[in-house]
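Hi,

I'm passing a structure on to you, and I hope you enjoy looking around in it. Please open it first, then read my notes beside it.

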Amino acid sequence: MVYRPLKHLATLCLMSIASLHGQAADAHGLLVVIKADDLVYRKDGSVFGAGWNRFIEIADEQEIKVSIGIITNSLDYGTDAYFSKIRRLHDSGQVEFWNHGYTHKRDVETGHSEFKGASFDAQLATLTRGQTLAKEKLGFEFTSFGSPYNHKDPNTPRALREVPELTSWMYGDEQAELLPGQVVLGRSIHLEQPVHHPNFEAFKRDFEANPDRPYYILQAHPGGWDTERFEQFVQVVKYLQEKNAIFMTPTELRDRLLEEN
Ligand SMILES: [Zn+2]
């Protein structure tokens, strides 16, 4: 049996809570996931690179959980230093690492990528290649997925249904028919405006216009941020902390949404 989890969850959540308090965020907390994309192994000796190191430092300082999407071919060419750094963060429980595709390549002419225009077999192979590499090199299994460029086509949910250990799909197709237990965590407002530029004022404006979403998945690309962009990010984090936000991993959010409904 298949069902449409996100629509179902969001509708139930909003209905039940709206009748009690008028605002979803009041009743079950302000739920936030940081979806940081594009971790790769750096051959310059920095392993993660300065941007990612700063991002993790900020997560520590602010005591927030974050999630990091790995471009999984880096698990083919990375070193033990890379794998052990990922493992250590994974073991801390503060960071969830997730499957962000294998090559992250896009055909500039057709616009096609690993999850857009590729066959069902190719999409499934890309997913399972990353899952297998994680188990081999990191010793754990990814339970969340977010595609490169957030691309998707009708083959993407078909492929995901073949990989049941992937239980959350960030910025996925909210109409997709997935397995019971597989949840789409949808997109609403943006931290980066434009992409790659955290923008506190724009975020605050959009948040104030949408204060009652069941949760917020905030996409980030900290590998390329400079000092000023990190400052904007920290402002957003502090703003949300003042509102008692709960920073969760995508899998924790998925578990919570299923428990609540
Ligand atoms: Zn990406």
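This is a predicted model: local features need pLDDT of at least 70, side-chain atom pairs count only at pLDDT 80 or more; totals for chains, interfaces and linings use all residues.

Residues are numbered from 1 along each chain as its sequence is written.

Start with helix 6, residues 120-138. Helices (H or I, at least four residues) and strands (E, at least two) are DSSP runs, numbered from the N terminus.

Gln123, Thr126, Leu127, Gly130, Leu133 and Ala134 of helix 6 are buried. They cover an arc of only 125 degrees around the axis, so they sit on the same side of helix 6; the arc is that of the directions from the helix axis to the C-beta atoms. On the face turned away from them are the exposed residues Asp121 and Glu136. (Buried means 20 or more other C-beta atoms within 10 Å of a residue's own, exposed 12 or fewer, partly exposed in between, with C-beta atoms placed from the backbone.)

Now the backbone. Tyr171, in the loop between strand 5 (168-170) and strand 6, has a positive phi of about 55 degrees although it is not a glycine. Tyr171 is buried, with 20 other C-beta atoms within 10 Å. Finally, the peptide bond from Gln193 to Pro194 is cis, with omega near -5 degrees.

Best wishes

Notes
The expected span of a helix is 1.5 Å times one less than its number of residues.
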